[in-house]
Amino acid sequence: AAASQLRRVLESQLEDIRGSGTWKNERVIASRQGILNFCANNYLGLSSHPEVIQASVEALEKFGAGLSSVRFICGTQSIHKDLEEKIARFHQREDAILYASCFDANAGIFEALLTPEDAVLSDELNHASIIDGIRLCKANKYRYKHMDMEDLEAKLQDAQKHRLRLVATDGAFSMDGDIAPLREICQLAQKYDALVFIDECHATGFLGPNGRGTDELLGVMDKVTIINSTLGKALGGAAGGYTTGPKPLIDLLRQRSRPYLFSNSLPPAVVGCASKALHLLMESNAIAQSMAAKTQRFRSKMTAAGFTISGKDHPICPVMLGDARLAAVMAEDMLNRGIYVIGFSYPVVPKGKARIRVQISAVHSDEDIDRCVEAFTEVGRKHGALP
Ligand code: PLP
């Protein structure tokens with residue numbers, strides 16, 4: 001009886017999701033990321049870079065398929081230590097620690113770092129993994145309005161009674177393509193003696209003159225204490241995440257962070273690919289710089305065509321449509337025209353704010369971008385999103 005009741009409960013929830021137009025189909029792709037893919041986080045095109053793929057193959061052959069172990073048992077190879085050292089050097093921080101994903105890095109840091117004596121102040125639109133990580137910790141929790149410095153200041157004042165204060169924000173917000181006002185956040189942090197944590201998943205590798213991220217872009221590399229980021233987006237796109245920051249913090253995470261202590265080491269092939277991606281970025285800033293003009297081209301042409309594009313100067317270009325079904329049917333029609341984009345709706349974005357999130361990559365040519373804008377214009381007219 002319990003099993004059939006469960007089935008009924010689940011089916012009714014699934015029916016609600018279908019009924020509200022927010023059902024997410026997973027499309028099966030039979031090749032590597034192609035160039036008319038406008039919905040990957042493959043910002044720099046490194047997931048199909050021949051040197052990145054080769055490095056991954058070599059690591060697989062030399063170090064095997066995997067460690068069948070967590071790091072502290074028998075899961076640490078020289079390539080893991082090398083990659084951690086490289087990540088710290090890339091971000092100009094003291095040390096770094098690898099995780100299976102940035103979701104894990106976010107799930108593991110707050111509980112290990114903060115106690116009931118401390119406070120964490122979090123932007124209301126932070127990524128789900130930051131929200132979950134904060135849920136797991138016992139610190140006093142403050143949620144400030146999205147990028148609202150007055151609200152953050154008020155909450156920092158209230159948080160003065162606690163031992164440590166940690167402001168946590170996405171560097172770049174993945175649903176809206178907007179960039180956190182890090183200069184102002186760091187000024188407030190200085191005024192109220194707080195630490196700053198940023199999630200750089202949508203910034204590492206391509207924001208700032210050398211692709212170091214939002215802190216480099218906004219000139220506050222020496223003021224942000226802790227960075228979490230992913231190896232699964234611009235840095236080769238395979239998988240993996242990390243924390244980089246002060247050495248005692250990294251030492252503590254190795255002792256206390258649960259997703260690190262109780263989950264398998266990163267597979268060598270994944271380590272090899274991320275390590276090569278970082279190497280390429282540290283050799284020259286040409287790759288990091290390769291997409292700003294393309295982002296600008298897409299944003300200005302789409303705006304001229306009559307669309308509303310959220311955010312600013314970021315390769316995440318959300319085409320705001322409002323209605324979940326409209327976003328889904330337009331995305332389907334774009335695919336019929338050879339442009340792969342996806343509609344985003346509740347619960348990934350708030351109700352009534354459905355959109356198609358376009359992501360520009362360095363591998364898109366100007367012609368690809370123009371084709372994408374033309375297709376949007378046709379499809380938008382057909383479905384009434386444009387006059
Ligand atoms: N943080 C942000 C802002 C993200 O966008 C994502 C991925 O969607 C994550 C964390 C999780 O990263 P990973 O895929 O490495 O778990």
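K223 forms a salt bridge with D222, the closest N and O atoms being 3.7 Å apart; a salt bridge here is a side-chain nitrogen of Lys or Arg within 4 Å of a carboxyl oxygen of Asp or Glu. D222 is exposed, at 65% relative accessible area, while K223 is partly exposed at 36% (buried means under 20% relative accessible area, exposed over 50%, partly exposed in between, with a 1.4 Å probe and protein chains only). The model is a predicted one, in which local features need pLDDT of at least 70 and side-chain atom pairs count only at pLDDT 80 or more, whereas totals for chains, interfaces and linings use all residues. Residues are numbered from 1 along each chain as its sequence is written, and side-chain values use heavy atoms, with hydrogens and water left out.

In total, the structure holds 24 salt bridges. One of them joins the side chains of E84 and R71 at 2.9 Å, N to O. This pair links distant parts of the chain, with E84 in helix α4 (residues 78–91) and R71 in helix α3 (residues 71–74), 13 residues apart; helices (H or I, at least four residues) and strands (E, at least two) are DSSP runs, numbered from the N terminus. Both partners are buried, E84 at 2% relative accessibility and R71 at 7%. E84 and R71 also belong to a network of salt bridges that includes K81 and R254.

Another salt bridge brings together the side chains of R163 and E117 (3.7 Å, N to O). R163 lies in the loop between α7 (149–158) and β4 (165–170) and E117 in the loop between α5 (102–113) and β2 (119–123), so the pair ties together parts that are 46 residues apart in sequence. R163 is partly exposed at 43%, as is E117 at 46%.

Just after α2, G64 takes a positive phi of about 90 degrees.

Elsewhere, D333 lies in helix α14 (residues 324–336) and counts as buried at 9% relative accessibility. Leaving aside residues up to four places away in sequence, D333 touches V379, K382 and H383, contact meaning heavy atoms within 4.5 Å.
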